[in-house]
Every structure is written in structure tokens, then in C-alpha cells.
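Please keep the structure open while going through them.

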Amino acid sequence: MVILGIETSCDECSASIVKIEKGTQAHVLSLSTFSQIEIHQPYGGVVPEIASRNHLETINAMIETALRDSQIQTQEISAIAVTNRPGLVGALLVGVSAAKALAYAWKKPLIPVHHLEGHAASLYLEDLEMPRRPTAFPLLLAIVSGGHTNLYCLNQEPEDWPLDLLKSSLVGRTRDDAAGEAFDKIAKILGFPYPGGMWIDEEAKKGDPTAYALPRALPQKAILDYSFSGLKTAVSLLATRLKKEGCFESERSNLCASAQEAIVDALLSKIFLAVKQYGCKSLALVGGVAANSRLRLRLDEEWKRAGLVEAPRFPKLKYCTDNAAMIAAAGAFRFSQGHALPFNEMLTLNAVANPEI
Ligand code: KG4
Ligand code: ZN
């Protein structure tokens with residue numbers, strides 16, 4: 001099965017050709033992504049109108065490049081998968097319209113994909129260097145990105161994912177900011193460009209994670225939810241004080257290391273709590289924040305003590321942030337379950353900014 005995936009939910013314009021073999025082994029034949037980061041940087045965050053306009057300008061080139069790089073002929077494509085929810089509605093609509101047009105012209109089935117199912121499917125993008133797919137269930141899956149910090153307890157391989165997967169397996173979520181959003185807002189306070197996660201990650205390597213005591217919200221053992229807005233306020237107050245005292249610049253790496261440690265501590269404490277509460281045997285982290293080096297190091301040191309039977313799984317770095325390969329893989333799993341849209345319904349597919357799940 002060969003799937004063309006399209007992703008335009010936020011600020012990455014991406015197309016990919018993925019070939020599925022032996023059930024759920026997803027081989028990425030090509031991936032072509034244009035990141036709009038530099039375009040949004042002067043505004044300190046993603047500007048939705050600019051994002052949609054730029055997707056319009058780049059989507060055709062991304063699809064053409066993905067097709068050419070894969071050396072696949074259009075006749076070999078089994079179906080087209082597109083992110084249609086959640087995301088910036090104008091941005092989503094560009095991908096959805098392109099996918100509809102191609103599905104109509106090429107007479108291919110169209111599969112709408114939930115962006116978070118795409119992140120979950122990123123674990124199945126094959127990599128011969130190291131095992132990525134979890135093999136023991138239940139699996140605790142943490143989706144940690146710029147828009148979401150959700151914990152799921154999954155009992156099935158992708159071929160058996162129920163349609164309400166994201167609703168029925170959700171066990172914890174953030175009550176305010178997402179972890180990536182916390183990284184980005186704190187980075188902005190500390191004077192780094194958008195998106196700030198990777199800048200904090202780098203700067204923190206030079207600092208002391210115990211330099212400042214910053215809050216870890218919702219410490220109660222019965223709660224699996226997150227809250228990061230208090231941390232952002234605490235860092236802001238601290239930065240103002242250090243500026244007044246004239247030592248902000250010299251303390252910046254300590255601030256980064258301490259803030260990062262607070263986010264990593266919060267993430268890990270609820271992840272391990274959920275592993276315990278739900279008797280999970282394996283753990284996987286996906287989404288942009290899963291690229292964080294401190295988070296990966298801490299997990300490396302701590303997973304055995306949590307009673308997990310295999311090392312935590314992460315997608316390859318390039319599949320942690322938004323990309324169309326994960327959307328193609330998620331679309332393939334749904335396609336093999338028979339969930340492509342019938343031809344007569346295909347053209348009515350819409351983008352949904354905030355779906356219930
Ligand atoms: O999954 P993603 O590409 O987009 C969403 O679906 O939101 O995640 C983007 C987020 C941003 O908030 C970015 O700052 C964060 O992932 N991020 C990181 C790192 N790399 C990206 N956060 C912490 N450390 C990193 N190395
Ligand atoms: Zn994402």
C-alpha cells in the first residue's frame with residue numbers, strides 16, 4: 001500500500017510518500033517539508049493568516065517534490081491522507097483542498113486524519129538503526145507538542161485502533177498551556193526567537209538545573225493532569241528581578257536549565273504516575289517536545305525504576321515535529337480498516353479547528 005500524506009495544520013507545509021509493508025511497517029519513501037519558522041519569527045509566534053497564504057504558495061511544490069523523490073508513479077498511489085483536524089482552520093483548508101483536488105483528479109480514496117493520530121503513528125515510521133515501535137502493552141503514549149500535552153493508555157496495535165482512540169484512551173492532559181507552549185513562552189521571556197524549545201534545550205546545557213526553585217504544579221498523586229501557566233509567570237517575575245539586579249545575562253543559562261528541569265520533572269512525574277496507575281509495560285513520547293535532550297536523558301536514567309519492560313520509544317528527531325510522513329502512516333492504518341471517504345462524500349470534507357477529539 002502506498003499513501004500520499006499531506007500536512008498543513010500549523011506552520012509546516014509537508015508532503016510525503018509512505019509505503020506500508022507487513023501490516024504496520026511504514027517506510028518513508030520521500031518527505032518534503034517547508035518550515036515557515038523564519039517567516040513567523042519576527043512576530044514571536046505563528047500568524048494564522050500568513051501561515052495559510054504561505055501554505056498556498058508552497059503546497060504544490062512540496063507534493064511535486066515528494067512524488068519525484070519517491071520515484072513512485074501516481075498510478076501506484078493507493079490513497080491520499082490529509083490532516084483535517086485540529087489546527088489553524090485556514091492552514092488546514094489549504095491541505096484539505098489540495099488533497100481533495102488530487103483525489104478527485106486521480107480518482108483515489110481520501111482519508112481525513114486527526115493530527116494527534118499522526119503523531120501517534122510516527123512511532124511506526126520504520127528505522128533500521130533502532131527499534132521505535134512499542135512491543136509491550138498497555139502502552140503509555142505521551143503526545144507533547146506546541147499545542148498538546150496529552151497522556152494516553154493504549155492497548156492495541158495501530159491496525160486495531162478504535163475510531164474513538166483519542167477519546168477512549170485519554171488519561172491526562174494539560175489544563176492550560178501545553179509543554180511546548182511553555183517552552184516557547186519562557187524562551188520569549190528570556191529573549192530567544194520562536195519557537196523556543198530547541199534554544200532552551202541548547203542554552204540549558206551550559207546551566208545548572210538546580211540554580212532556581214521553580215514551581216511544579218498539581219503535585220497531587222491522584223491527578224494526571226498538567227498545568228504550566230504558573231511556571232511561565234514564575235520565570236517572568238524572576239527574569240524581571242534579575243534584570244533589575246543587573247545579572248540577567250549572566251544567569252540566562254541557569255534560568256533555562258532550571259525552567260527546563262521544571263517542565264521535564266512535571267512531565268515525568270505524571271508519566272510515571274500514569275504508568276503505575278494503568279499498569280503500563282511500555283512508554284512512548286512523540287511530538288516536538290519529545291526532541292528535548294534533557295527529557296530523553298532523564299528517561300534513559302529512570303525508565304527501569306518505573307517497572308517498564310522495554311526502553312522508552314521516540315520517533316526519529318525529524319519525525320517528532322510536524323511532518324506528512326506520520327499523517328500518511330496514520331492514514332494507511334485507517335485505510336486498511338476501511339475508513340476512506342466514499343467518492344461522493346469526498347468533496348464535502350471540511351477542516352475542523354477544534355474537534356471534540
Ligand atoms: O509537534 P510540533 O512540531 O507542533 C505541534 O503540533 O505543536 O511541536 C512544536 C513544539 C514547539 O513548542 C517547540 O518549541 C517544541 O515543540 N520543541 C522543543 C524542542 N524542539 C521542538 N521543545 C523542547 N526541546 C526541544 N529540543
Ligand atoms: Zn504536531
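1. Contact here means heavy atoms within 4.5 Å, while axes are lines fitted to C-alpha atoms, for helices over the stretch in contact, with angles from 0 to 180 degrees between N-to-C directions. Helices (H or I, at least four residues) and strands (E, at least two) are DSSP runs numbered from the N terminus.

2. This is a predicted model, in which local features need pLDDT of at least 70 and side-chain atom pairs count only at pLDDT 80 or more, whereas totals for chains, interfaces and linings use all residues. Residues are numbered from 1 along each chain as its sequence is written, chains are lettered from A and ligands numbered from 1 in the order in which they are written, and side-chain values use heavy atoms, with hydrogens and water left out.

3. Two strands are taken to pair if DSSP finds at least two bridges between them. Strand β7 (residues 149–154) and β8 run antiparallel and are joined by three bridges; leucine 151 has glycine 172 in β8 as its bridge partner.

4. A second open sheet, of five strands, has the order β3-β2-β1-β4-β5, again with mixed pairing. Because β3 (25–35) and β5 (110–114) stand at the edges with a single partner strand each, one side of each is left without a neighbour in the sheet. Strand β4 (residues 79–85) pairs with β5 in the parallel sense over five bridges, and valine 82 stands opposite proline 112 in β5.

5. Which strands does helix α3 lie across? Helix α3 (residues 89–106) lies across β1 (2–7), β4 and β5, and runs at about 155 degrees to β4. Helix α12 (residues 324–336) also packs on this sheet, touching β1, β2 (12–21), β3, β4 and β5, and its direction makes about 130 degrees with that of β1.

6. Ligand 1 is surrounded by 20 residues, of which the closest are Gly146, Asp184, Asp201, Gly288 and Asn292; a residue is counted as near if one of its heavy atoms lies within 4 Å. At least two residues of this shell come from each of α4 (115–121), α6 (179–189) and α7 (197–204). By class, the shell has six nonpolar, eleven polar and three charged residues, where Ala, Val, Leu, Ile, Met, Phe, Trp, Tyr, Cys and Pro count as nonpolar, Asp, Glu, Lys and Arg as charged, and the others, Gly among them, as polar.

7. A polar side-chain atom of aspartate 201 lies 2.9 Å from a nitrogen atom of ligand 1. Oxygen atoms of the ligand lie 3.0 Å from a polar backbone atom of glycine 288 and 3.2 Å from a backbone N or O atom of glycine 147. The protein covers 87% of the 560 Å² of accessible area that ligand 1 has on its own, as computed by the Shrake-Rupley method with a 1.4 Å probe.

8. Some backbone details deserve a look. A cis peptide bond joins arginine 85 and proline 86, with omega about -25 degrees, and proline 86 is in the loop between β4 and α3. Another cis peptide bond joins tyrosine 194 and proline 195, with omega about -10 degrees, and proline 195 is in the loop between α6 and α7.

Notes
Polar contact = N/O pair within 3.5 Å; in protein donor to acceptor, adjacent residues only side chain to side chain.
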